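Dear colleague,

I am handing over the structure below, and after it you will find some notes on what turned up. Please read them alongside the coordinates.

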Amino acid sequence: MFGKSHHITVMPARGGRKVQYVCSCGARGWETDSRSHARQMGNDHIAKAKAK
C-alpha cells in the first residue's frame, strides 16, 4: 500500500490554480499558491516521517 520511501513532487492541485506536494508514500499536502511553500511542506513531511 504505502511505501517507506519519501520523494516529493510539487504539482498542480485540482482545478489547476494552486499547487500541492504529493509524496511517493501517498501523502498529499494542503493546496497553496506558492510552489516554494508546497516544497517546504513536503520537506517537513519527510522530516516528520524520518523522526518516527
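**Cysteines and the strand pair**

The structure holds 0 disulfides, a disulfide being a pair of cysteine sulfur atoms within 2.5 Å. Cys 23 is accordingly in no disulfide, and the nearest cysteine sulfur, that of Cys 25, is 3.6 Å away, which is too far for a bond. Cys 23 is buried, with a relative accessible area of 5%, and Cys 25 also counts as buried, at 10% relative accessibility (buried means under 20% relative accessible area, exposed over 50% and partly exposed in between, with a 1.4 Å probe and protein chains only).

Please bear in mind that this is a predicted model, in which local features need pLDDT of at least 70 and side-chain atom pairs count only at pLDDT 80 or more, while totals for chains, interfaces and linings use all residues. Residues are numbered from 1 along each chain as its sequence is written, and side-chain values use heavy atoms, with hydrogens and water left out.

Strand E1, residues 8-12, runs antiparallel to E2 and is joined to it by 5 bridges (two strands pair if DSSP finds at least two bridges between them). Pro 12 stands opposite Val 19 in E2, and in the hairpin of E1 and E2, with 6 residues between the strands, Gly 15 takes a positive phi near 95°.

Best regards

How values were computed
Helix = DSSP H or I, 4+ residues; strand = E, 2+ residues; numbered from the N terminus.
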